[in-house]
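Reader: I am new to this structure and would like to look closely at a single part of it. Would you please begin with the interior and then go on from there to the other parts?

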Amino acid sequence: MTIDLEHGSIALHQLPDLCRALELGGTLPLARLAQGLAKDCKQALDAGVGGVIAPMVESADQLSTIRDACRWPPAGNRGVGFSRANLFGRHFDKYALEAQAPLLIAMIEHYRAVEDLTGILSIDGLDAILVGPYDLSASIRRTGEFDHPEFESLVNRIKEACTRAGVACGMHVVAPSPEELRRRQAAGFRFLAYSIDSVFLNHGAVRPQL
């Protein structure tokens, strides 16, 4: 389950309790960061998420900086401290190993990112790519036009590059459509984010027309 700190209304102080609730249910909590700043990475990971989804990644250098901000030394340069992630020191040694390589997903949301995709995919420690369809379509002035050939061409370029690099390619299927989910699975997408809690509720609350 991903806790959305970019477009969601979740505050930092709520993260520890959300992570605790997900863990008690046997679910790995991830966080979509507001930005890929070092502060964002450190605070989310210290709260207990198992990895981050970094929005608007547009270059290999940017992703490399985010990766290092997520990792404790010697693998990176994230600040080391007692936190909920290591039960305030009780599991320090165990977490020190985990903090060498937390899960790292890069969101591809702009046509500029596609132009540097080979470099982005070459960054050591990248676990998956996630296409952000709305921002990607907006970057080519086709906001929400997911059937437009220019948008589909970009998505196909991303998926093919990920296949060549051996990196899992994902897509955010925002509408709660099982048909669209199956279509993306059949097309080879292997890291699929399925809708949003509020969208599920809104969709389920609509009274069918009689």
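Author: Leaving aside residues up to four places away in sequence, L121 touches L126, I129, A161, C162, A165 and V167, where contact means heavy atoms within 4.5 Å. The model is a predicted one, in which local features need pLDDT of at least 70 and side-chain atom pairs count only at pLDDT 80 or more, while totals for chains, interfaces and linings use all residues. Residues are numbered from 1 along each chain as its sequence is written, and side-chain values use heavy atoms, with hydrogens and water left out.

L121 belongs to the largest nonpolar core, which has 49 residues. A nonpolar core is a set of buried Ala, Val, Leu, Ile, Met, Phe, Trp, Tyr and Cys residues joined through side-chain atoms within 4.5 Å. Buried means under 20% relative accessible area, exposed means over 50%, and partly exposed lies in between, with a 1.4 Å probe and protein chains only. The members that touch the most other members are L63, I108, I120, L121, L126, I129 and I158. Helix 8, residues 149-165, gives the most to this core, with six residues. Helices (H or I, at least four residues) and strands (E, at least two) are DSSP runs, numbered from the N terminus. In soluble globular proteins, nonpolar side chains tend to be buried together.

The loop between helix 3 (60-70) and helix 4 (92-98) deserves attention next. R78 is found in this loop, and R78 counts as buried because its relative accessibility is 3%. Its side chain makes a polar contact of 2.8 Å with the side chain of D46, and another, of 2.9 Å, joins the side chains of R78 and Y95. A polar contact is a pair of N or O atoms within 3.5 Å; within protein, one must be able to donate a hydrogen and the other to accept it, and residues adjacent in sequence count only if both atoms are side-chain atoms. Not counting residues up to four places away in sequence, R78 also touches several others, including K42, L45, W72 and P73.

P73 is joined to P74 by a cis peptide bond, with omega about 10°, and P74 lies in the loop between helix 3 and helix 4. L87 has its place in that loop too, and L87 counts as partly exposed because its relative accessibility is 37%. Together with F82 and F88, L87 forms a nonpolar patch on the surface, with about 350 Å² of accessible area in total. Such patches are made of residues with over 30% relative accessible area and no salt bridge: nonpolar side chains (Val, Leu, Ile, Met, Phe, Trp, Tyr) are joined within 5 Å, and like charges within 9 Å. Accessible areas come from the Shrake-Rupley method with a 1.4 Å probe, and for residues only the protein chains shown count as cover.

Charged pairs make up another part of the picture. The structure holds 13 salt bridges, each a side-chain nitrogen of Lys or Arg within 4 Å of a carboxyl oxygen of Asp or Glu. In one of them the side chains of R32 and D4 meet, at 2.8 Å from N to O. R32 lies in strand 2 (residues 30-32) and D4 in strand 1 (residues 2-4), so this pair ties together parts that are 28 residues apart in sequence. R32 is buried, because its relative accessible area is 12%. R32 also forms a salt bridge with E6, where the closest N and O atoms are 3.4 Å apart. E6 lies in the loop between strand 1 and helix 1 (15-24) and R32 in strand 2, so that pair ties together parts 26 residues apart in sequence. E6 itself is partly exposed, with a relative accessible area of 22%. A network of salt bridges links E152, E180, R183 and R184.

Finally, two residues other than glycine may be noted for a positive phi. Phi of M56 is near 50°; M56 lies in the loop between strand 3 (51-54) and helix 3 and is partly exposed at 30% relative accessible area. Phi of S195 is near 60°; S195 is found in the loop between strand 7 (191-194) and helix 10 (197-205) and counts as buried, at 10% relative accessibility.
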